Amino acid sequence: MIELDFALTRGEFSLQLALRSEARALALFGDSGCGKTSTLHAIAGLLKPARGRIALDGRVLFDSDKRVDVPVARRKLGVVFQDVRLFPHLSVRDNLRYGAPHSGDASRFDDAVQLLGLGALLKRKPDRLSGGQARRVAIGRALLCAPAALLLDEPLSNLHREARAEVLEHLRGLKRELALTTILVSHQADEVLSIADAVAVLDDGRLRKVQPVTQFGGEQHSAIRATLEAR
Amino acid sequence: MALWLPLAGWTAPLTIFAAASLKPALDDLAAHGALGKPAPRLVYAASSSLARQIEQGAPADVFISADEDWMDDLAKHGEMAAGTRSDLLGNTLVLVAPKTSNVQVDLSQPQTLRRALGMVGRLSIALPQSVPAGRYASQSLHALGLWDSVTGKLAMSRDVRAALELVARGECPLGIVYRSDAISEPRVRVVATFPAASHQPIVYPVAIVRGHDSAASRALLRALKSSKAQVVFRRHGFDTPPR
Amino acid sequence: MDGIFVAGRRALKQNDDNRFGSCFRIYRPMILSQDETIALLLSLQVAAVATVCALPPATACAWLLARRRFLGKPLLETALLLPLILPPVVTGYVLLEVFGHRGAIGRVLDALHISIAFRWTGAALAAGVMAFPLLVVALRTAFESVDRKLEQAAATLGANAWRIFFGIALPLSLRGLVAGVALAFARAFGEFGATITFVSSIPGETRTLPIALYELLETPGGESGALRLTWIAVIVALISTLAAALLLRGPRAREVEP
C-alpha cells in the first residue's frame, strides 16, 4: 500500500501529490521536469516535503503533522539511482554487500547474484563495468540491504538496446521472484508496462491520473503511449 | 611622495638598530625628544640578528651593539663608517628571580643555585653562542665554577628580553640578564650580582653604518653621548663604559 | 616513539663502543655533528607527533566545515586561521600564557605530572598548533571533492554517519588527505618562532633543527653549519614528498584486472 500526500518546493518548481495505491509495483510516469524523480527522492528521505504524509505498507516515513521524519538510513528502502552511484573504490562484491555488511547470509547473497547474473563481475571495480552491468549491480546492492520497498529511478535510461533488454529481463525476473513493493520512475512506455501494476501520470508537479496497467490489455505500444501521454 | 617631502623641508627620520636591552632607555629618550626631531626609528633585536641584517644592507643609520664582538665583526667586513665608533655604555650582569619568589642564592656556593632551581626549574638565559647577554652569562657561570651545576637545566631564548620575560612570568625560577633589564621589569627582583671580573667587560659600542655618515647621524651620535642622555641611561640601570 | 628517540639520543651521548654509536661513527664526521644529529632526530620526533596528534581534531573540524551548516561557522573558520595570521611569536606567547608552568592549563597538567613546558612535548604542541590550519584547509578541500551523491546513496543503504565517513568519504579523499598530512608535517618540521618563544632552546629537548639552524646563523662563522642543516632539511622535505607520492600510487597499482 503506497500512500503519498505531500507538497514540496525546490526553487521555482513546486510539487504536489496525493495518491493511494494498492498496487505492488507503481510507476511514476511523465516527461522530464514533471517531478517524478523529486517524488522518489522525497520518499527516500533525500528531499524534505514542506508538509504532508508518506507511508509505505503501513510504515509512516514522513508526517509533518505528527512531526515524523524517519532519517534516510532508517527508511529501509532500496534506491537505484538514475546515475547509478556505485562506490568507485569498492569492488562489485563490496558494493553489493555495502547495505548488509554484517550479514553472514551467504545464500541470500548468492541468490541475488544469480538473479541478476553478476557472478562473473564480483571482483571488478565499477569503472570496468558496462552501463547495463553497472545498473544490475546497483539493483543488486539495493536488494541486498533487505529493503521493505524498492525505488527505481529510470532504470533503463542511458542504456543501449541490448543492455536495456538485459536489465528489463532481470527486472521482470525480480518481480516474479520477490514480492517487494516497488516504485518505478520512467518516461518510457514499455518499461512501465513490463513491471508496473499501476501507473501514476505526472505533469508539471501535479498528478494527472492513476490507472491500473491491465486496462491497456493487448493494445499497441503507440496507442498505449498515446493513452498515457494524453492530458 | 618621497620626492616632494625633502623639498618641503621634511627630513626622513634616522634609524637606530639597538640591542634589545636598550629598549626602555632609548624609548624614554626618544619620547622626551632628547634624540632630536623627528625622533629616530628604533629597531630592537638581539645584537646578533641586527649585525647580520646590517651585513645584508638593512637600512640602519646607527648601530648600538651589546658587545664588541659583533661590532668587530661588522668592522672587519667594512660595514661601519670609519672613525665613528666609540663606547657608549656599560652594564652589569645580574641573577634575577620572579618578584614573588624569596629564593636566596650565593654565587660562591653552587648548591644554593642548584637548590633554587629545584628538580624541574630552569635557568633562563639568552643563547650563549650568539647573543651577547648569553655569552656573558656563559662566561660568568664558567668562571665562577657554576656551569656544571646548571648544564642541562638551561632554557635559552632568542634575546635577553625573552629570557627576562620567562622569569617575569614565573615560568623559570631564575634568569641571568642585565641590571638594566632587571630595573625595567617590575615583576622581577635581583637575587645576586655577577662580579665584573667573571666575564668580558660589558661594553655597548656605537657606530654609524657605512654610507649613512651625515650631519644628522653625527648629531644623533652626539645626542646619545650627551650628559643629559647619560643621566637617563644611568636611571635605567646602565653604567658608564668600562674604559 | 618517545622511547626510541630517547634511546637514540642517549646512545649518541655515550661512547662510540655501543652498537648505535658505531653506525653513526661512519657518517657522522662527514655529515653532522652530534648536536646537529640530535636536533634532527628531535625535529623528526616533534613533527611526527605534532602531525599525528593534530590529525583527529583537524579531521573533525574539516568534516564539520565541509558537510555541515551551523551557527557560528564563520567564527570557527576565522578562529582556525589565527595561527596562520598572527605572528608566530605571538602564538608562542599565547601558548606560554596557557600552557606554561603558571598557565591555566599548564598548572593542571603539572599537577597531573604531564610535562609540556620546556619539554619536547611543548615543542610538539607549538608545531601542531602552527600546522593545524594548513591541515584543516587541506582536509576540507579533500572532503569537499567527494561526491555527495555517493554519500546519499550510502545513506539509503542504511549506513550511519560513521560508516559514511570511514567507508566512503575517507577512502575517496585519500589523495588530498595524504597531501595535507605531508604539508602539515613539513610545516611542523620547520616551525621556529612559536617554539622558541614558548619552550625556548634546550639542547636535546626543544632545540629542533630550525632552532639549531637559527643559532648557527646568528653565530659569527656559523654559516657552513647552517648550510649543512639546510641541506638536511631539504632532504627531509624531499623524502616526505616522495613518501606521499608512493603512498598515493599504491592503491592504483593494486587494482584488480577483470
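**View 1. Strands E3 and E10 of chain B run antiparallel, joined by three bridges.** In this predicted model, local features need pLDDT of at least 70 and side-chain atom pairs count only at pLDDT 80 or more, while totals for chains, interfaces and linings use all residues. Residues are numbered from 1 along each chain as its sequence is written, and chains are lettered from A and ligands numbered from 1 in the order in which they are written. Strand E3 covers residues 62-64 and strand E10 residues 203-208 of chain B. Helices (H or I, at least four residues) and strands (E, at least two) are DSSP runs, numbered from the N terminus. Look for Val62(B), which faces Ile208(B) in E10(B).

**View 2. Stepping back, E3 and E10 belong to an open sheet of five strands in chain B.** The order is E2-E1-E3-E10-E4, with mixed pairing; two strands pair if DSSP finds at least two bridges between them. Strand E2 (41-45) and strand E4 (86-90) of chain B sit at the edges with a single partner strand each, so one side of each has no neighbour in the sheet. From one strand to the next, the twist averages 20°. Helix H3(B) lies across strand E1 (15-19), E2 and E3 of chain B, at about 145° to E1(B). Axes here are lines fitted to C-alpha atoms, for helices over the stretch in contact, and angles run from 0 to 180 degrees between N-to-C directions.

**View 3. Another open sheet of chain B has five strands in the order E7-E6-E8-E5-E9.** Its pairing is mixed, and the edge strands, E7 (154-157) and E9 (188-193) of chain B, each pair on one side only. Neighbouring strands are turned by 35° against each other on average, direction ignored. Helix H6 (residues 132-143) of chain B packs on this sheet, where H6 touches strand E5 (93-98), E6, E7 and strand E8 (174-178) of chain B. The direction of H6 makes about 130° with that of E6(B). Zoom in on E6 (residues 123-126) of chain B and you will find four bridges to E7(B), the two strands running parallel. Leu123(B) stands opposite Leu154(B) in E7(B).

View 4. Residues are in contact if their C-beta atoms, placed from the backbone, lie within 7 Å. Domain 1 spans 4-90 + 202-235 and domain 2 spans 93-198, with bounds from an automatic or database domain assignment. The C-alpha centres of the two domains lie 28 Å apart. Ala, Val, Leu, Ile, Met, Phe, Trp, Tyr, Cys and Pro count as nonpolar, Asp, Glu, Lys and Arg as charged, and the others, Gly among them, as polar.

**View 5. Chain A touches chain C through 19 residues of chain A and 17 residues of chain C.** The chain A side of this contact divides into ten nonpolar, two polar and seven charged residues. Chain A itself holds seven helices and eleven strands. Its C-alpha trace spans about 45 × 45 × 30 Å along the principal axes.

Conventions: Two residues are in contact if their C-beta atoms, placed from the backbone, lie within 7 Å.
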